[in-house]
Amino acid sequence: MAANAGDKRVTRFRVDDQKQVFNEKYLHSEEELAKLLDEKRAIKGGIKPTKIETVETAVTSSTDLDDSCTHQSDSSGGGVIIVNLLGLLANNLFEVAFAKMLASQLGCSWHVVYRSSWNTAFPTPQTDRCFPNALAKNNNRSGDKTQLLKLIQQIGVNQDVHRIFDAVTFNDLELEDSEHNNIFSDQSDANDVKVEWIKTFGQKALVIDHEEYHNEREEVIEPSNVLSILNDKPQVRVLDLNAFFINYRWMDGRMDDISQWLHIDPSCCTTPPPGNDAIVIHIRDFLPDDEDKNKNLQVGVYRDIIQQYSQSDQPKVIVVCQPRSVESDIVKSLVQEFNAVVQTGSDNIDAFCVLSNAHFIIPTTSSTYSQLAALLAQQKNDNVQVHYPTHTLDRPGVTLNVPTWKYHLTTSGNDRIEEFEVSHERLDI
C-alpha cells in the first residue's frame with residue numbers, strides 16, 4: 001500500500017477504483033486546454049473562471065501533439081509530473097508512453113520527473129540512446145534542471161528546495177555517474193521525503209497508484225481521464241504517477257504516436273531481424289507454480305499453433321529468451337521439435353528488437369515484454385500475426401486485449417490447444 005494511503009488531504013485514485021472514478025467521455029481538445037490555462041491565469045489574477053464543458057472529441061493525433069518544448073507556457077499554469085518507474089524494460093515503456101501522452105497534451109509548463117530504483121530499466125544512458133523519443137522533452141534528464149528547481153520552489157516548498165529536488169529526482173541507477181551529487185544514498189529515504197512533500201500540497205496534489213497490484217484487478221486509467229481531473233481541479237500542481245498502465249484500451253487509436261515514441265535507435269539492434277517467413281517464439285520462465293501469471297507452456301501448444309497457421313512444412317523457428325533460459329526444458333524441447341534457432345540478443349533491448357521485427361510471433365503468456373514487442377511489430381507491418389496462448393479466459397494475468405490478435409485457449413495441462421481463435425471479447429480482463 002502506498003505510504004500516503006491514509007492521508008485524506010491528497011487526492012488519490014486507485015487503479016482498481018477507476019470505473020467509479022473516471023469516465024471515458026472526457027477528452028479535451030487543445031483549444032479547451034488553452035482555455036484551461038487562461039482560466040488558471042485568471043484564478044491567479046482574482047477573476048472567477050467559467051466552467052469548462054466536457055465534450056467528446058477525437059483522439060489527439062501525432063501532428064497535434066506539441067513535443068518540441070521550444071516555447072514555455074506562462075509559469076502560473078503547470079507543475080510537476082512524477083513518474084515512479086516500476087518493473088523492468090517493458091513495464092517502463094508502458095509507463096513512459098503514458099506519461100509522454102500526458103505531457104504532450106499538457107504542454108511545456110509541466111516538467112516531467114522520471115524516478116527509478118535498483119530494478120528499473122529506465123532511465124539510463126543506454127535507454128536514453130536506444131529510445132531517443134521515449135521521454136518527454138521537458139524532463140529532469142535532458143531538460144533544464146534549473147527550471148525544475150525553480151518550479152519546485154515556485155509551486156510551494158516550506159523547506160530546503162535542494163533537498164526536495166534531490167528527493168523528487170532520485171535515481172538509484174545513476175548515482176555514481178550523476179552530474180548532481182544527490183544527498184540521498186537510499187531509495188526509501190528519498191521516497192519518504194517525496195511522499196511527505198506531496199502531502200503538504202493537499203488538494204493541489206493528484207496521486208494515482210496501484211494498491212496491492214498483484215492482488216487487485218487493474219482497471220484502465222486513460223490520459224484523457226487524468227486531463228479531465230486536472231480540468232476539474234486546476235489548482236493541482238503535482239501529479240504523482242505510481243502505476244503500470246498496462247492496458248491496451250488507453251493505447252487503442254494512439255499506436256502511431258506510441259510507436260514513434262518507442263522507436264529504437266538501429267544501433268541498439270545488433271541481431272539481424274528474423275525475416276518475413278520466421279516464426280518467433282518468446283520464452284520467459286516464470287515461477288512454475290505461479291498461478292497468477294501462467295504455468296510455462298509445453299511444446300505441444302507451440303506445435304498446435306504452428307501446424308494450424310504455418311504455411312510451411314518445415315518452418316523457420318526462432319526462440320527468443322534470456323541467456324539463463326537457453327538450457328531450460330522448454331527451450332531444449334523447441335530446439336528438438338523444430339530445429340529452432342535460439343537468440344538471446346546482445347542484451348534485453350537487442351532481443352526486444354528481434355521480437356518487434358517479427359512477422360509471426362507467439363508471446364509468452366503474461367509477459368509485457370513480448371506483448372509490447374508484438375504491438376510494435378504490428379505497427380511496422382499490417383500482416384503480422386500474433387498468436388497468444390492462454391490457460392484461462394477469466395482474468396488471465398497481465399494480458400492485453402487486442403482485437404487483431406488471435407487468442408488460443410490451452411488445455412488444463414498447458415500441453416495442447418483446446419480452442420483456437422477465442423474471441424477477444426470473451427476475455428475477462
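Cys130 and Cys268 are both buried, where buried means under 20% relative accessible area, exposed over 50%, and partly exposed in between, with a 1.4 Å probe and protein chains only. The structure described here is a predicted model, in which local features need pLDDT of at least 70 and side-chain atom pairs count only at pLDDT 80 or more, while totals for chains, interfaces and linings use all residues. Residues are numbered from 1 along each chain as its sequence is written, and side-chain values use heavy atoms, with hydrogens and water left out.

The two cysteines are linked to one another: Cys130 and Cys268 form a disulfide with their sulfur atoms 2.1 Å apart, a disulfide being a pair of cysteine sulfur atoms within 2.5 Å. Cys130 lies in helix α4 (residues 125–130) and Cys268 in the loop between α10 (255–261) and β6 (278–283), so the bond ties together parts that are 138 residues apart in sequence. Helices (H or I, at least four residues) and strands (E, at least two) are DSSP runs, numbered from the N terminus. The link of Cys130 and Cys268 is left-handed, with -90° about the S-S bond.

By this rule the count comes to two disulfides. The other entry joins Cys269 to Cys353, with an S to S distance of 2.0 Å. Cys269 sits in the loop between α10 and β6, and Cys353 in helix α13 (residues 348–356), so this pair connects parts that are 84 residues apart in sequence. The torsion about the S-S bond of Cys269 and Cys353 is about -60°, so this disulfide is left-handed. Cys269 is partly exposed, with a relative accessible area of 27%, whereas Cys353 is buried at 2%. Another cysteine, Cys321, is buried with a relative accessible area of 4%.

Helix α13, which holds Cys353, is mostly covered, with eight of its nine residues buried. Besides Cys353, the buried residues are Ile349, Asp350, Ala351, Phe352, Val354, Leu355 and Ser356. At the start of α13, a side-chain oxygen of Asp347 reaches to within 3.0 Å of the backbone nitrogen of Ile349.

Helix α6 (residues 161–168) has six of its eight residues buried, so this helix is largely enclosed by the rest of the structure. Val161, Ile164, Phe165, Asp166, Ala167 and Val168 are the buried ones. Their cover includes β2 (80–84), β3 (111–115), α5 (145–156) and α7 (187–199). The N-terminal end of α6 is capped by Asp160, a side-chain oxygen of which lies 3.0 Å from the backbone nitrogen of His162.

Helix α7 contains Lys194, a lysine that is buried, with a relative accessible area of 5%. Not counting residues up to four places away in sequence, Lys194 touches Ile82, Asn84, Arg115, Ala167, Val168 and Asp240, contact meaning heavy atoms within 4.5 Å. The C-alpha atoms of Lys194 and Ile82 are separated by 9.9 Å, although the two residues are 112 apart along the chain. With the side chain of Asn84, that of Lys194 makes a polar contact of 3.0 Å. A polar contact is a pair of N or O atoms within 3.5 Å; within protein, one must be able to donate a hydrogen and the other to accept it, and residues adjacent in sequence count only if both atoms are side-chain atoms.

Phe94, in helix α3 (residues 89–106), is buried at 1% relative accessibility. Leaving aside neighbours within four places in sequence, Phe94 is in contact with Phe244, Phe245, Ile246, Trp250, Met251, Thr368, Leu372 and Leu400. Phe94 and Leu372 are 278 residues apart in sequence but 8.2 Å apart in space, C-alpha to C-alpha.

For the protein as a whole, the secondary structure comes to 14 helices and twelve strands, and 56% of the 429 residues are buried. Among contacts between residues at least 6 apart in sequence, 74% join residues at least 24 apart. The protein exposes about 19,300 Å², of which carbon and sulfur atoms supply 44%; accessible areas come from the Shrake-Rupley method with a 1.4 Å probe, and for residues only the protein chains shown count as cover.

The average pLDDT is 79, and 73% of the residues score at least 70; pLDDT is the predictor's confidence in each residue, from 0 to 100. Residues 1–8 stay under 50, and the model has 16 contacts for them beyond four places in sequence. The pLDDT is also below 50 over residues 212–218, a stretch with 17 contacts in the model beyond near neighbours in sequence. Where pLDDT is low, the predicted coordinates should not be read in detail.
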